Amino acid sequence: LGIKHRKVSSIPAKVDIEAQQKFHDEKLQPRLEEAKAGKRSVYFMDAAHFVMGAFLGFLWSVTRVFVRTPSGRQRFNVLGALNAITKKLEMVTNDSYITSIQVCELLTKLAENATLPITIVLDNARYQKCALVMELAQTLGIELLWLPSYSPNLNLIERLWKLTKKECLNSKYYNNFALFSGAISIFLTTMNSTHQKQLDSLLTLKFQLFTNEQVQKVMALS
């Protein structure tokens, strides 16, 4: 039919491309090189809030189609720390809220069996960048590496959350919250045996960095 499909990528509206480039070159990349050499453990941390509702995939239909969707807005929260090299995930989950308490729980979990220095790459969410978390990290000997503002493209775990939605939620109906949260939990705990090739392809240590030209084009279209 002559229809052309183009891949669409988004650029955060308030991105500071110079700050991102400097962070990548001077902070992130050196630590990843140490991790590749087996001298450091680097984790990417973030929380995902999966809402039990309709997640539509791609649907082409000549006639009107109705799909079932659960009622309510129950959330399954996952605070995860993704190992940059092994692609294994450590996580803390609940169905209420992610707070500094859960962040401290995950930091303690990471430190328990650590044999190498730990660096955690994370954003500036209030429940992460607070005195309680920073003091515990210092006590545990964990380095917290804060991302520049508006930099999801530099947080590797964001790609995992997108894959999780694709595999567990898109075009799927769950009769109750237990099935919904269970499907997500099972995927995240078994993905290294069931989806390792996909993880290796998706979670490479190549990060998208933007140019002034790309930002200007986006601004011109807005």
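Rings of Phe, Tyr and Trp (for Trp, its six-membered ring) form an aromatic pair if their centres lie within 6.5 Å, and such a pair counts as stacked when the planes are under 30 degrees apart, as edge-to-face when they are over 60 degrees apart, and as tilted for the rest. In this sense Phe 76, Tyr 174, Phe 177 and Phe 180 form one aromatic cluster. The structure is a predicted model, in which local features need pLDDT of at least 70 and side-chain atom pairs count only at pLDDT 80 or more, while totals for chains, interfaces and linings use all residues. Residues are numbered from 1 along each chain as its sequence is written, and side-chain values use heavy atoms, with hydrogens and water left out.

The chain has seven helices and five strands, where helices (H or I, at least four residues) and strands (E, at least two) are DSSP runs numbered from the N terminus. Read along the sequence, these elements follow the pattern α-β-β-β-α-β-α-β-α-α-α-α. Of the 222 residues of the chain, 41% count as buried; buried means under 20% relative accessible area, exposed means over 50%, and partly exposed lies in between, with a 1.4 Å probe and protein chains only. Contact means heavy atoms within 4.5 Å, and among contacts between residues at least 6 apart in sequence, 73% join residues at least 24 apart.

A nonpolar core is a set of buried Ala, Val, Leu, Ile, Met, Phe, Trp, Tyr and Cys residues joined through side-chain atoms within 4.5 Å. The largest such core holds 37 residues, of which Phe 44, Leu 160, Phe 180, Ile 184 and Leu 188 touch the most other members. The elements that give two or more residues to this core are helix H1 (17–36), strands E1 (41–51), E2 (75–83) and E3 (89–94), and helices H4 (157–168) and H5 (177–194). Helix H5 provides the largest share, six residues. For Leu 188, leaving aside neighbours within four places in sequence, the contacts are Val 78, Leu 89, Met 91, Leu 160, Trp 161 and Thr 164. There is also a second, separate core of 22 residues, which includes Ile 118, Ile 120, Val 133 and Ile 142.

Aromatic rings give another way to follow the chain, and a search of the whole structure finds five aromatic pairs. Phe 50 counts as buried at 1% relative accessibility, and Trp 161 counts as buried at 4%. Phe 177 and Phe 180, by contrast, form a tilted pair, 5.9 Å centre to centre with 35° between the planes. Both of these residues lie in helix H5, three residues apart, about one turn of the helix, and both are buried.

Elsewhere, helix H2 (residues 100–112) and helix H3 (residues 131–140) pack at an angle of about 10°, with their axes 9 Å apart. Axes here are lines fitted to C-alpha atoms, for helices over the stretch in contact, and angles run from 0 to 180 degrees between N-to-C directions. That angle makes H2 roughly parallel to H3, because angles under 35 degrees count as roughly parallel, over 145 as roughly antiparallel, 65 to 115 as roughly perpendicular and the rest as oblique. The residues making the contact include Val 103, Cys 104 and Leu 107 of H2 and Leu 132, Val 133 and Leu 136 of H3.

Some single residues complete the picture. Ser 41 is found in strand E1 and counts as buried at 16% relative accessibility; not counting residues up to four places away in sequence, Ser 41 touches Leu 116, Pro 117, Ile 118 and Thr 119. Asn 124 lies in the loop between strand E4 (118–122) and H3 and is partly exposed, with a relative accessible area of 30%. The C-alpha atoms of Asn 124 and Pro 148, 24 residues apart along the chain, are separated by 8.1 Å.

Most residues other than glycine have a negative phi. Tyr 150, in the loop between strand E5 (142–146) and H4, has a positive phi near 55°, and Ser 171, in the loop between H4 and H5, has a positive phi near 60°.
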